[in-house]
Each structure stands twice: as structure tokens, then as C-alpha cells.
Amino acid sequence: MQIITTHLNADFDALACCMAAKKLYPEADIVLPGSMEKRVKLFFETFKPFEIKKLKEIDLDKVKTLIVVDTRSVHRIGELAQLLKKPVKVHLYDHHPKTEDDIKADFEITEQVGALASLFTEIFRKKNIPITPLEATLLCLGIYEETGCLVFPSTTERDVLAVAYLLKRGANLNIVSQFLKEELSREEVSLLNELLNSLQEYLINGIRVNIAHAVKEEPQDVSHIAHKVMDLIDTDALFLIIEMEDKILIIGRSNTPQVDVGSILSEFGGGGHWAAGSATLKERPVNLLIDELIKIIKQQVKPEKIAKDLMTTPVISVQWDRTIKEVEDMMTKYGINAMPVIKNNKYIGVITRGVVEKAIFHGLKKSRVGDFATTDAYTAEQDTPLWEIEKNMIELNQRFVPILKDDKVVGVITRTDILRNLYEELIRKFKISKPKEEIEESKKNVANLMKEFLPEEIYKILLTAGSLAEEMGYGVYLVGGSIRDLLMRKPSPDIDIVVEGDGIAFAQELSKIINGKVIPHRRFGTAKILIEIEKNGEVKRFSIDIATARTEYYESPAALPKVETSSIKKDLYRRDFTINALAVKLNTKDFGLLLDFFGGQRDIKDKKIRVLHNLSFVEDPTRAIRAIRFSEKLGFKISKHTENLIKLAVKMSIFEKLKGPRLYEELILLLKETLPHYSVKRLADYGLLKTLHPSFDEKLFNELVKAHETVQGMELLFLKEKYRKEFIYLMVLLWNLKSHEREEFLKRICAPENVKKQLIENITSAEKALQNFPSEESFLEVYKLLSSLNIETIILMMIYAEEQQKRAISIYLTKLKEIKPLLRGEDLKKLGIQPGPVYKKIFDEILKEKLQGRLLSKEEEIEFVKKFGK
């Protein structure tokens, strides 16, 4: 014998699932352990969709299989729980989270969807099990009731798709509406009023929980009253305590997964899921019951975030005996408005820019900062709940909260941090109304993208780095262009990691685990890990750059930056553009969490290049060249404000002060990664081309077009020699300059000496070769002219050669270049021919024969020499 059952006080989802289980187990009888809700009972009596047997009609000793739907709690199936002590097979279908008193099942299908009816609908759809319009309507009632007509936070995409399928199968929404929308009776209005008047709000770990109490003499279904109350108040969770004749009913509703109503009410013998649940208790004092309920909520509702999760570390602080003027200089240098004041490594107070400026105004710039620090400012510990910090910052009007451990400053939380967190909470709270792509963006986790677009071995190393970070107590992040590329769904060749801590120490520990080789750069707090991994018989070599989180400041425009240890937020702020100022946390707890302090996601979506602050090009003018490079490379548009800042920097002659290898590196990358003619034209449009050399003008555009076409042609020839196309384009820039101007330009951009020497030699050789190019097409002369030149010089000649010369060069590259005599000098000596003019002439004659198409073997070359020697 098989029986199907559900929880006490069956609702529409329970009734629908009993009907659905009957279709999967046609030999089973449906037995309810108790009554139905009022509206459910009315529907059943009106339509009689199936037969329900009474518990007293069942011989429990004959039951071989128990099918339980819409609950997994032992306490919620009433007297039928005694079957669990017998040798009975149990099949379980449920959508509630697991608890300690779960029914032990031999077979189960349990998934957390909004309504269990959605799960059964999916089963019918996959197995092509037909359903009648009445059955579809009942399933639809179950889904609509359980999900609040698809608007409860517990609603999933699967619930919506299930409703769509049921509508196709004839579900009648008029009937659904009729049974879900019920006018309140006079008694129910009185009960609702009593509950609203008794409402008490409790703030528990930042979560608003409302508890109401009322007395109802006659037992009656009141679950729909909870929905009415939730509609009338703004709260995160609601618990209604309703005293009846000889029992107490607790009904719970939640708008946030942080308050798991089902789990909380399971402590009272009830259950449900995180968004809704109920429990029935024997009579007890309500005051004690409320105290117990609050105690359980406090135990189960943990702060979603604590200070440690949001704070910035390490912290820029100031010693108590520094002068007010020195503090002002520090604030300007680091771009901050408040600092902790330290004495003997202990925190003593906070100093703000407002206080500093007023002190200077009053002539107190030489006074000690400790004398003017706010010593009673609010501070917090690392485990202080974030909601508590938010509350105190607002009430005390404090923009900056030091986070302390043993009286030492270990981090700070600013007003901006709080605002960003509140915004993210707002997005999360109302995500149900947002498009799918915006929901994904608001989650700010790219772990799946990392797994999809990063090489498998890199992804595993990043997981390892996250675990190591937890052990060492560091914050570790993947940063830079790789994040931008991930968000653009592209693989990235660069893996850069930033460590909030000792980057070199972290690199050394990581390399031990992954069997890499560390190359440290202690002066800069950076390291490179070289890795070799054998896979399918092939050795893969790659590297990972690891740096200590840093901040930087510039002592003068275009100067080299001064770098100091800092936090990830400050580290990202020193970068060039918002699209490159993104980070992904690698620590195990938050692996894949995307940090976007400056709107980088939005700018990637809008395809926009935007600087992080208004002095960006003043501090580092090479960023202007970089802006053009990213614009051309990614197809992004430079924002109007960023364009204005570039033009302002040109007008202020900032670029004239620029020197050092940064300029060379940026120019090389521009020529390498973009179409050079368009990029150079953009440089001219912004007035940047003249800053590189006054002789440069827009005529370069046409020459670079020819150069690009020539390089593209070379790529079609599949030449064996490797060449750097960026050097070809750089030589085009130099071509029309005089010798001393070339020297000046290469010195201006700080080209490495070996590169400088090679470029000038290539240009000189190309000019000379074009001047001495054979007037008639003589393969031997062309061969002799070009065979002594490197490939970059020959490609440069192609750009500036006349048509006849281009044809000859092309023939040399495609046909003549690989032709060489098979005989060597020692072979000629064996034949009695000594080095000298004859020696050279013989080689020329052999080449001449070969260039005319006579492909001689080595033996034929020997016979030719013997004959030629005579």
C-alpha cells in the first residue's frame, strides 16, 4: 500500500502537490494529516479534483511506501510520523531548506524553488505527462499563493516558466484570482487592526523584525492576514503570534534570506522555507514566547557584513607631534580629508581637513596635530556589525571611522564606503524588478567568467592564491586589464595580482605551492613568478606578476611617482582609467567578488574611456597616449571631460616636461596594438603629435597607411624571419627627419641604446640600398644587395621603393632569398681553389646559375666548379 501526504493545515501548494504526486503514483491514496486552510477547503469542496481518504480509513501496518510532499519536517506530518519508525520506504518531494529534523528518505527530489508545484510541473513537462485544465489551475494556485503572485523574493525563474506552461495547458486565472483574492470579514478586519496596533519593531543585527500579538477565540485560517500586514508595513521580517482556544499559532514572513523563517520556526516544532513558515504551540505566556522568539532570531540572524569586510587597510596615519602644516601637506599628497592620529603606535584621535585649514587660518600651522585631534570620535572593532557603524556615523555626523584592534588602527571606513554599501544593498533588495544582466552585475561576482575565460591552470592557481591569502591574513586581488577583458568576455594574457600585505613574501609562499620560480624586486615591493606546466606532453610557460598594494603621489607635473604601501582601493585609484581600475577578490570567502569603486563596469558597458581624477594627465601625461591606444584598440570613445583634460594638459605644456622610458613604452604599445595611421592622426587631433617632435605633421598619416599596407602584405608571405612591426612604424616616423633630429627624437622618448642604434642603422642601410639599387633587374645584383640586410630594413625599403624596386624586392623575398650555394669554403679548398677574387667569383657564378633557375645539386656544383676553374 502507498499513501501520499503533506503538512498540517494544507495550503494550495500542498494540495496541488498531493494531486501531482497521485499522477506519478497512481496506485497511492492521498491522506492528509490534518485540516486544510479555509480557501483550500472551499476550492476542494467546489471542484473535488481528486479523492482524499481519512486517516482512520488507513491501516498503517499495511503501508509499504510513504510519499511526502511540500515538507521535510517530521513534526509537520502529524500522526503519520509514526510510519517513519516502521520498515516503510519514504519518497520525499520538497522545496524547503534542510533542517536537523528532516525526514530520512529512500528517494527524494528537493530543490529550492518558490513553490513545489513548479517542480512537479517541470516533471510533467519533461515526461510529457498530460494534465487537465483543472489540474493546471490547481498547480497554478499553488505557485501563485506560495510566491505571492510571483512577487515574493523567493520567486525564481523556474516558477515563472512553470506558470507559462500551465497557462498553455488551460489553467484558468479567473479561478486562481477568485480563490486568492479574498475580502476580509468583519472579524478578520478586527484581528488585522489588533495586530497592527500591537506591532513592535526590533532592530536585530541591522535587520528590522516586527512582532505582533493578538487573540482569536475561534480557530480559523489566518495565514492570509500575514500577507495583509506585510503589505501595510515596511519591514524585513514579520512574526504574528495569535492566541486561540488551546493553542498558539506563530506565522512568519520574510523579505530577506538573512531571516530564514522556516529555520527559526522549526525551533518551535514548525517549519517552512526562508520566506514563509508557521508553527503551532501549546499555550504558554506570550511575553516569554516573544523573548524566546527574539533570542532565536538573534542566534540565527548574523550580520551580513562586519567592519572587516568593508574597511580600507593599511591606513595612512600621522604622528601626534607632527605640525599642522605637515598634516596639510600629507592630506594634499595622498588626496585624503581625515587621518587617525597616533602616539606610541596607539590611536589617540582623528584630524580632519576642516580643522587643519581653520588652524592654519588662525596662524597655528606650527602647532602639534595631537593638540587639535578629536579624541572622542566614534571608533569600531573589526567584528562590529556594519549596520551599527552606519547608525553611529549618521547620528554622530562622522565621515570617518577608525577600526581598532588593541588600540591600534587596522583600518578605516569612510562615508563613501557606507554609501556604496547601501547602494549595493538597495540593488540586491529590489533585484527582482531588474533585467537579468543588471541582476548579474549587481551580484558583482565573476567567478564563473574567470573559470570560462582563463586557462584552467591559471584558474586553479588563483584558487590556491585565495586559500593562501586566508592563511596569511592578507587581502589578495586579481587586478587590471584582465578584469576588463573578462567583463568583455575575452581571454586575457596578463595576470596581475595585488596583495594587501607583503607582496614578495606572498609570492614566495605561493611559488612553493605551485612549483614556480620567484624573481623579486624588493625596491618596488613586486615579484614575478615563472611557471612551467606540462600538459599533454607540451610544456606551457607563463608568468604571474604580484605587487604589494600601493598608493602614489607626484611631487611635480610629469615627474616619476613616489610609491608607498597602501590598500586595494588606493592602489586602484592610482591607475589610469576607470575600465582598468577594477579588482576581483581571490580570498576563499569572497572568491570572484568584483570591486568597482569608480564606475568601471558602467564605462565598459558604455564603451567609454574616462580618467579617475582631473589631475591625471598633469601627473602622468603618457596617459593621454594610452587613452588613444585603448580607444583605438577597444573601439571605445574618450569621454568629453577626458578629452578636455588632454587638451588642457597640452595647452599647459605639460608634455614638454615628460621624459623617461614611460614615453617610449607608450609609443611602442600604440604602434603595436592599433592601426598606426589612425592612432597618429588622433595624436595630431589632440595636439600631441607636435609634442613628440615639432617636425611631425599630418603627412605622416599617408606614410603610415603605406607602411601598414606593406606590413599586411608581408604577413601574407609567411616569412620565416620574425620582425617587430612597431619598429617598422617607428622608423617611418624617423624617415623624414635629419640625422641629428633622429638622435634628438630617440633621446626624447628615451629609447634603449641598443634599439636606438639598431633603428638608425636600419634607416641608414635602407636609404643607402635604395640609392644603390640596380637600375636593371639583375637577380644576382639584387641578391647581393639585399642578402646583407635584415628583414626590418628590407620591409622599410619596400615602403619607400619605386614600383620596379618593389617588384625586385618582392621576388627576392619570395624566390631568391633562400637560394644559396651548397658548397662551402672548405669544399673549394679541397678542389684546390684558394681564397681570393677567383674564390668569390666562383660563388657568384654558382648563384647566377641558381638564380636563373638551374637548381644544381652539390655534385653538379662540384662539376661546375671543375669546369669553371679551367
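1. By class, the lining of the largest cavity comprises nine polar, four charged and one nonpolar residue. Here Ala, Val, Leu, Ile, Met, Phe, Trp, Tyr, Cys and Pro are nonpolar, Asp, Glu, Lys and Arg are charged, and the others, Gly among them, are polar. A cavity is a set of points on a 1 Å grid over the protein atoms alone where a 1.4 Å probe fits but cannot get out, and lining residues have an atom within 4 Å of a point.

2. The model is predicted: local features need pLDDT of at least 70 and side-chain atom pairs pLDDT 80 or more, while totals for chains, interfaces and linings use all residues. Residues are numbered from 1 along each chain as its sequence is written, and side-chain values use heavy atoms, without hydrogens and water.

3. The largest cavity holds about 90 Å³ of space, a volume being the space filled by probe spheres set on grid points joined across faces, edges and corners. Of its 14 lining residues, R72, S73, T99, G271 and G272 lie nearest the centre.

4. The second largest cavity has about 50 Å³ of space. Its lining divides into seven nonpolar, one polar and one charged residue, among them F655, L658 and R748.

5. Strands are DSSP E runs of at least two residues, numbered from the N terminus, and two strands pair if DSSP finds at least two bridges between them. Strands β22 (residues 526-535) and β23 (residues 538-548) run antiparallel, joined by ten bridges.

Note on methods: Helices (H or I, at least four residues) and strands (E, at least two) are DSSP runs, numbered from the N terminus. On a 1 Å grid over the protein atoms alone, a cavity is a set of points where a 1.4 Å probe fits but cannot get out, and a pocket is an open set with protein on both sides within 12 Å along at least five of seven lines; lining residues have an atom within 4 Å of a point.
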